Every structure is written in C-alpha cells, then in structure tokens.
Amino acid sequence: MYKLVAPITDASKSYGIAVSTIRDKGRRKLFDTASPIVDSQCKQFDKLAANLSFHRARGSSFDVAGLASNDMSLLYDPQFSKRKGTENLRDSIRNAAPNSLCPYCGEGTVAQIDHYLPKESYAGISVHPANLVPACADCNHAKQSYAPDSSKPAVLHPYFDTAFGIKWLSATVEEGEIGRPVVKYNIDSDLLNLQLRSRLIAHMDVFKLWSRFSIWAGQSLDNFGSYLKHEHGQAMDILEARDHLERTALQQSGGRINSWEGAAHTAMRESDWYLSTYLGLT
Ligand SMILES: [Zn+2]
C-alpha cells in the first residue's frame with residue numbers, strides 16, 4: 001500500500017476528451033449539455049477528497065439532458081477505456097504507479113483502472129481522473145462496487161490519504177496447523193484515531209488483505225527456512241538470524257512503511273517461538 005501522485009488532468013478536460021471520441025454529433029451534444037452538472041459533481045468529489053470524508057458521498061442515479069447512469073457508464077466504457085483519443089489519459093493513470101505496483105495492496109501488478117467511488121452509483125464522475133485508480137486485477141475484483149457511507153468506512157485513496165505515511169501495519173508469527181508457522185497481520189493498537197482505524201480495517205477487509213498478506217508471507221517463511229538450510233547451513237545463531245531479518249525487513253519493504261513483507265520479516269525477527277522452537281536456533 002502506498003501513496004500515488006494524483007493525475008494532473010482535471011475533471012473537465014478528461015470529460016471533454018472522452019466526449020470528443022463519441023462519433024454521433026447529436027449524442028455528443030447531449031453530453032456537452034450535461035457538462036456543467038458533471039463538473040459540479042466532480043467538484044463535490046474533490047471536496048470530499050480534500051477533507052478525506054468519502055463516507056459522506058451520496059450516490060444517486062444520473063438524469064441530465066436525457067442521459068441516464070448507463071449513458072455515463074458507456075462514456076467510460078467504451079469511450080474512455082477503449083478509444084484511441086483517450087489512450088494518453090489512460091496511460092498517465094496506469095503509469096502513475098511506480099514499477100506497476102498496485103497501490104491498494106502494494107504487491108499485485110497494475111492491470112486495470114478502478115473507480116474509487118463506483119460508477120454505478122456515481123455516474124457523473126465516471127471519467128474524473130481523481131476517481132480513477134490503477135489497480136491489480138485481484139484488488140479491483142475484491143472491491144467490486146464497494147461504496148462507503150455512514151456505516152461503511154472508505155478504503156484508503158492512494159491519491160489523497162495521508163495514512164500511507166504513518167506506520168500502522170504489523171504482524172505476528174503464530175503456530176498454525178500441524179505446528180507450522182503462520183504470519184497474522186494486525187493494525188497497531190496504539191493508533192488512537194478511531195475513525196482512521198476503522199478505515200484501515202475496512203481497507204484490509206475489502207481487499208481481503210488479511211488473508212492475501214498471510215498467504216504471501218508463507219513464501220517469506222519458506223525462503224528464510226530455505227536460506228538457513230541451503231545457503232547458510234546451521235551456522236547462524238539466533239542473534240545473527242535477528243540481524244539478518246532486520247536487514248531483510250528493510251530491504252523487502254522497498255521504503256514502504258506498511259509493506260506486508262517488511263512486517264512479516266519483523267514479526268519473524270521478534271518471535272522466540274519461531275526462531276528458537278520452530279527453527280531450533282540458539
Ligand atoms: Zn492490488
């Protein structure tokens with residue numbers, strides 16, 4: 001999970017480019033007529049983003065200039081998502097993610113563009129760049145049409161949230177079935193901002209990150225076990241193992257303080273059961 005730089009193209013420019021790819025002149029005119037309402041809905045989204053209050057968003061069906069929600073969905077797909085004229089815009093959104101890493105999970109490869117607020121209920125912002133986030137297929141699929149409201153906290157928005165700069169993800173190594181270690185993820189209990197805490201839990205829930213991180217961390221456990229067995233032999237004592245895991249926690253996190261991999265290596269380093277009992281280090 002990490003922060004992205006927001007797209008520089010503003011909402012009205014993006015809308016204009018998408019509309020310009022519509023071939024039928026009469027239909028294009030309808031979208032031009034709806035433009036001020038679209039602009040105002042995009043500005044409302046920008047306000048929510050500035051205050052990080054996406055839970056106050058109120059979705060509704062679109063009904064302007066004879067255009068309904070489904071027409072605005074069609075403006076996204078096929079106009080925005082497939083036409084040559086919007087290719088640069090799409091690329092700028094996808095390429096904002098360094099190394100094509102999905103900002104929602106920090107591990108998957110960017111394959112799609114996610115509507116942060118779903119276009120089904122927020123049709124007026126279907127081509128607003130600030131509502132379009134590059135995502136991996138698993139995150140996009142897990143999120144589906146999740147829409148925050150007063151009882152459903154918003155997931156983190158990679159362009160606007162500041163929680164990416166606070167360390168809140170941690171992990172522990174526990175004894176799982178048949179005595180094998182398993183990494184379990186937590187949100188640091190000393191995080192006192194309860195509203196933020198509920199959003200972080202929602203982020204982990206919606207993207208199924210508790211289990212996805214735990215599965216990926218199984219590879220970290222295997223890799224370290226294999227490193228001890230094949231590359232370093234049993235010569236490593238427990239202090240050296242802890243030093244090694246401290247270094248790999250830093251290396252593997254790639255500078256992201258809420259990296260699942262960094263948290264896994266730290267948990268491995270801190271677990272007496274894992275190092276002494278399971279691996280037999282002394
Ligand atoms: Zn992802």
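This is a predicted model: local features need pLDDT of at least 70, side-chain atom pairs count only at pLDDT 80 or more; totals for chains, interfaces and linings use all residues.

Q: Which residue does lysine 167 form a salt bridge with?
A: Aspartate 188, and the closest N and O atoms of the two are 3.7 Å apart. Lysine 167 sits in the loop between helix H5 (137–143) and strand S5 (169–175), while aspartate 188 is in the loop between strand S6 (181–187) and helix H6 (194–206), so the bridge ties together parts that are 21 residues apart in sequence.

Q: And aspartate 188, buried or exposed?
A: Buried, because its relative accessibility is 17% and the cut-off for buried is under 20%.

Q: Why would two side chains like that pair up at all?
A: In general, side chains of opposite charge can pair when their charged atoms come close.

Q: How many salt bridges does the structure hold?
A: It holds 11. One of them joins the side chains of arginine 27 and aspartate 71, at 2.8 Å from N to O. That pair links distant parts of the chain, with arginine 27 in helix H2 (residues 25–50) and aspartate 71 in helix H3 (residues 69–82), 44 residues apart.

Q: How accessible is arginine 27? And what about aspartate 71?
A: Arginine 27 has 28% relative accessibility, so it counts as partly exposed. Aspartate 71 is at 15%, so that one is buried.

Q: Where does arginine 242 find its partner?
A: At aspartate 272: the two side chains meet in a salt bridge with an N to O distance of 2.5 Å. Here too the pair links distant parts of the chain, as aspartate 272 is in helix H10 (residues 272–278) and arginine 242 is in helix H8 (residues 238–253), 30 residues apart. Arginine 242 is buried, with a relative accessible area of 19%.

Q: OK, leaving the bridges. What is around histidine 157?
A: Beyond its neighbours within four places in sequence, histidine 157 is in contact with Phe45, Phe54, Tyr116, Ala130, Val133, Phe164 and Arg199. Its place is in the loop between H5 and S5. Its relative accessibility is 0%, so histidine 157 counts as buried.

Q: Which helix is serine 214 in, by the way?
A: Helix H7, residues 209–231. Serine 214 counts as buried too, at 17% relative accessibility. In sequence, serine 214 and valine 183 are 31 residues apart, yet their C-alpha atoms are 5.5 Å apart in space. Setting aside neighbours within four places, the contacts of serine 214 are Val182, Val183, Tyr185 and Leu209.

Q: Where does UniProt place the HNH domain?
A: At residues 102–144, in an unreviewed entry. In the model that span is 16% helix and 26% strand, and its end C-alpha atoms lie 16 Å apart.

Q: Give me the whole chain, quickly. How many helices and strands?
A: There are 10 helices and six strands. The chain has 282 residues, and 48% of them count as buried. Its C-alpha atoms fill a box of roughly 75 × 40 × 30 Å along the principal axes. Of the contacts between residues at least 6 apart in sequence, 70% join residues at least 24 apart.

Q: What about charge and surface?
A: The chain carries 31 positive and 31 negative side chains, and the centres of those two sets lie 9 Å apart.

Methods
Residues are numbered from 1 along each chain as its sequence is written. Side-chain values use heavy atoms; hydrogens and water are left out. A salt bridge is a side-chain nitrogen of Lys or Arg within 4 Å of a carboxyl oxygen of Asp or Glu. Helices (H or I, at least four residues) and strands (E, at least two) are DSSP runs, numbered from the N terminus. Buried means under 20% relative accessible area, exposed over 50%, partly exposed in between (1.4 Å probe, protein chains only). Contact means heavy atoms within 4.5 Å. Lys and Arg count as positive and Asp and Glu as negative; His and the chain ends are not counted. The place of a charge is taken as NZ of Lys, CZ of Arg, CG of Asp or CD of Glu. UniProt positions are given in the numbering used here, feature names are shortened, and annotations may be inferred rather than shown by experiment.
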